[in-house]
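Grab a pencil and open the viewer.

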Amino acid sequence: MQQSVLSSISPESTVGQRLLRPGLHLHFGSQTATEDLQRYGTLSDYVKLVVLLDGVLDLRFGNRRVRLDAGRVPQMTLVRLDAPQDFARVTHKGEYSRRLSLGISQEWLAQAMPLAGLAGKGVQVLHWPASKRACALAEQMLQPPALAPEMAGMYLECRAIELLMEALMGSKLATSASSPAGMRAAAYRRICDLRAWLQANASQPLSMDQIAAQGHTSVATLQRHFRQAYGISVSEFIQRTRLEQARAALEQEGISVTAAGARAGYANPASFSTAFKRHFGVSPRQLQARIQVSRQ
């Protein structure tokens, strides 16, 4: 397994890369351009996923230009190639960006998650505002907890897979694939849209009637379609999302376990800790201890 490659450009600027597994590469950076510059190369990844958390990025994929601006909200772009393409990144003096990208080979994708929705010719480029879940995953990859070397790669790879799945849903590429058996394509698209809405509003007190109304369907149909599409109930999905948001708050904001539990909808910290450990394999306090060690 290739080790991380990290270079420091200035005290406030870092770029690096890591091979997570053959066919799955992580690149990351945080830097302010010191001059106007154009960087050129050849992109051979089958899929390229870029998450821009702060600043701006000006990219070229073949003859397609994508300019991302995270001034109001973080941005994502997903690129699918059917052949190697020229790639360029244009920077202007004073521009800042904090971002990560995943490069994914066709072989890795075919083995890990074959999706008919990625079929096609030429260059496909999609970009959209990043969800809170995608931002949380990106932050976890940029600031991973202190782990034993044999665990660090697994942690990053798991987050990378989750981030890719989040991107496929957010970009709606997955909705162009075949819908689950027994569900019409229109119903599947609605449930995909509703899932994205739930992620954005998971912290709110939501009743099943409110959620069904948002999806323009009945509670019974909502529950049936959601389980068909994702294999879990709406309530389970909301609970998972809240726990993931609570974890992000613990890691990024340093809030207390009690405050994190309240964000996840738990009045009892002990109940929150039990649910948290069941979902993540570590308790909130164990996570806090890891974070503290990593920052020393």
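Predicted model: local features only at pLDDT ≥ 70, side-chain atom pairs only at ≥ 80, totals over all residues.

**Exercise 1.** Work out how the span of helix α6 sits against the expected 1.5 Å a residue.

*Solution.* Start with the residues: α6 covers 219-230, which is 12 residues. Next, go from the first C-alpha to the last, and you get 16 Å. That is close to the expected 16 Å. Just past the helix, Gly 231 has a positive phi of about 80°.

**Exercise 2.** Find out which residues of α6 are buried, and how they are arranged around the helix.

*Solution.* First, list them: Thr 221, Leu 222, His 225, Phe 226 and Ala 229 are the buried ones. Now look down the axis of α6: these residues fall within an arc of 125°, so they line one face of the helix. The general idea is handy here: an α-helix has 3.6 residues a turn, so residues three or four places apart point the same way. Finally, check what covers the buried residues of α6: α4 (185-201), α5 (208-214) and α7 (234-253) are among the elements that do.

**Exercise 3.** Classify the ring pair of Tyr 266 and Phe 272, then explore around the pair.

*Solution.* The ring centres of Tyr 266 and Phe 272 are 5.8 Å apart, with the planes at 55°. Stacked needs under 30 degrees and edge-to-face needs over 60, so this pair is tilted. Both Tyr 266 and Phe 272 are buried. Now follow the ring pairs: they link Tyr 266, Phe 272, Phe 276 and Phe 280 into a cluster.

How values were computed: Residues numbered from 1 in each chain as written. Heavy atoms only, no water. Helix = DSSP H or I, 4+ residues; strand = E, 2+ residues; numbered from the N terminus. Expected span 1.5 Å × (residues − 1). Buried < 20%, exposed > 50% of the residue type's maximum accessible area, 1.4 Å probe, protein only. Arc of directions from axis to C-beta. Contact = heavy atoms within 4.5 Å. Phe/Tyr/Trp six-rings, centres within 6.5 Å; stacked < 30°, edge-to-face > 60°.
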